[in-house]
Amino acid sequence: MAGSPAIRFRQASVVYPSGVRGLDRLDLDIPHGDLVVIVGLSGAGKSTMLRAVNGLVTITGGDVEVEGRSVRSSRGKALRELRAGAGMIFQDYRIVRRLSVLQNVLVGRVARVPTWRQLIGMWPKEDVELAFDSLDRVGLVDRAYVKAGQLSGGQQQRVGIARALAQKPSVILADEPVASLDPVTSRRVMEDLRRINQDLGITTLVNLHFLDLAKEYAERIIGLSQGRLVFDGAGGDVTEGDFAEIYGRHMTADDVLEAQVAL
Amino acid sequence: MSPRPEAPARTRRHLLTAAAVLFVLGLTVWSANGIGVSLVELFSNLGRMGRLIDDSFPPAWSFWPRLIKPLLETLQIAIIGTIFGSILALPLAILAARTVSPSRPLYWLNRNIMNVLRTMPDLFWAMLFASAVGFGPFAGALALTVFTVAVVSKLTSESIESIDMKLTEAVRASGGNWLETVFFSVLPQALPQYVSYVLYALELNVRASTVLGLVGAGGIGMVLNTQRTTFQYDRVTMIVLFVFLVVMLIEQLSAAARRRLV
């Protein structure tokens, strides 16, 4: 659907079985090709927002549409199709340390290759090619046959990015992708994400804790507080006052990556 | 110095300890009376025991060539039981792991069947299968298969429950179905543990298979039973020594392999 945005939140709400409200009637359109950074305190609903896009959490009110397709009404095969179109990157990488780097990236092809071929390790040639291309984009081709557990944290995160890329996704969801990394590696990973967003035009949603990183890389910043949208503006325009509003307090050194470098 | 908390009252704990000691003492007296433990009988029969030892030594060294075939059969019973049982145990273990099992009723059913299987000792299964498929090594192998399924699936399902479930979310986020999630996140994490349990089952099975013959399920146990009932104690000693050596050897090898795994 050419007319619809990449992602549309329509009064989207998520209430967990425990009664905790993760997302509260969120209304938001994200156009194709945008790089959007979501900021907010932990527990503000950033993770929930990303997981509502690929149905890893159950939407309990309203709906989310990805390329015009309803997430809430997708089940089984349709839901797996939808997830295959959205690559996810995690704070703790979530790669299988015992498998090789290449095998980890091939996991990005699970929805596209018959299960029996995967179980006997007979991946189609074009899928292996695609996995290598993805590894090339994050500069890890030479580590393809190394066990993933032997890589450094930054490299493991880039394997995670390559896995998401191998899905040939229309959307990338990055959940605190740099929270476990040192400042220098954090920048390297953010550069990778920006380059992929610009080169391939993949709509990218990134949860970030560090405000200066958010300002530097975001075309648009979304602020969440208690599951509600409290800020929506261009990355360059954000002021300290805006952050104070999102966080309910003034900025401290903990909120800025540069200050961490100085420490 | 800040004030210290008051020490908890001790009387309650002392009373509980005393009650526990009395209970164990009572149990001992009850059991000893029941089976007729008698020191008099023990010492008055020492002479008979001496004669038994006399008859048993020296071992009938020349008897060993006739032991090789039944001992190999014993090992074959253990190997078949371990392999068949372990193959069956893996899918059952996945279904019996609460965190991975695709359906609650299936998990519950599986868990309870496994518990019942495990309650029965291996000799019981051997007798059962000996009656069902006839006396011989095949009955022994079947018995050990059931025994292995019970042991390996229980231990493996517990290992699977303790794996990092966050990894399964990554496979699901890529659009993976249940089987793909199991294959790419559950198995890679649980496989080393599983292999270690298979080796452990092999150790148990080699030991168990030596006595299966006592109930007619093949192997060296059958030879042992024949020699014992015809009072050839020097040959019995030889058998016991031989079995001891082989079982020790296999346990050492298997334990060494397991240490390298985990």
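**View 1. Contacts between domain 1 and domain 2 of chain A in the predicted model.** On one side, 17 residues of domain 1 of chain A take part. They are in contact with eleven residues of domain 2 of chain A. Domain 1 of chain A is made of two segments, 1-85 and 171-263. Domain 2 of chain A covers 96-168. The C-alpha centres of the two domains are 25 Å apart.

**View 2. Area buried between the two domains of chain A.** Domain 1 and domain 2 of chain A bury about 1,200 Å² between them. Carbon and sulfur atoms give 58% of that area. On the domain 1 side, A:Ala84, A:Arg188 and A:Ile196 stand out. These residues supply 32% of the area that domain 1 of chain A buries against domain 2 of chain A, more than any other three residues.

**View 3. Salt bridges and polar contacts between the domains.** Two salt bridges are counted between domain 1 and domain 2 of chain A. A:Glu81 and A:Arg112 form a salt bridge through their side chains, at 3.4 Å from N to O.

View 4. Helix 7 of chain A gives the largest share, nine residues. By residue class, this side of domain 1 of chain A has nine nonpolar, one polar and seven charged residues.

Note on methods:
Residues are numbered from 1 along each chain as its sequence is written. Chains are lettered from A and ligands numbered from 1 in the order in which they are written. This is a predicted model: local features need pLDDT of at least 70, side-chain atom pairs count only at pLDDT 80 or more; totals for chains, interfaces and linings use all residues. Side-chain values use heavy atoms; hydrogens and water are left out. Domain bounds come from an automatic or database domain assignment. Contact means heavy atoms within 4.5 Å. Buried area is the accessible area (1.4 Å probe) that two parts lose on being put together, summed over both. A salt bridge is a side-chain nitrogen of Lys or Arg within 4 Å of a carboxyl oxygen of Asp or Glu. A polar contact is a pair of N or O atoms within 3.5 Å; within protein, one must be able to donate a hydrogen and the other to accept it, and residues adjacent in sequence count only if both atoms are side-chain atoms. Helices (H or I, at least four residues) and strands (E, at least two) are DSSP runs, numbered from the N terminus. Ala, Val, Leu, Ile, Met, Phe, Trp, Tyr, Cys and Pro count as nonpolar, Asp, Glu, Lys and Arg as charged, and the others, Gly among them, as polar.
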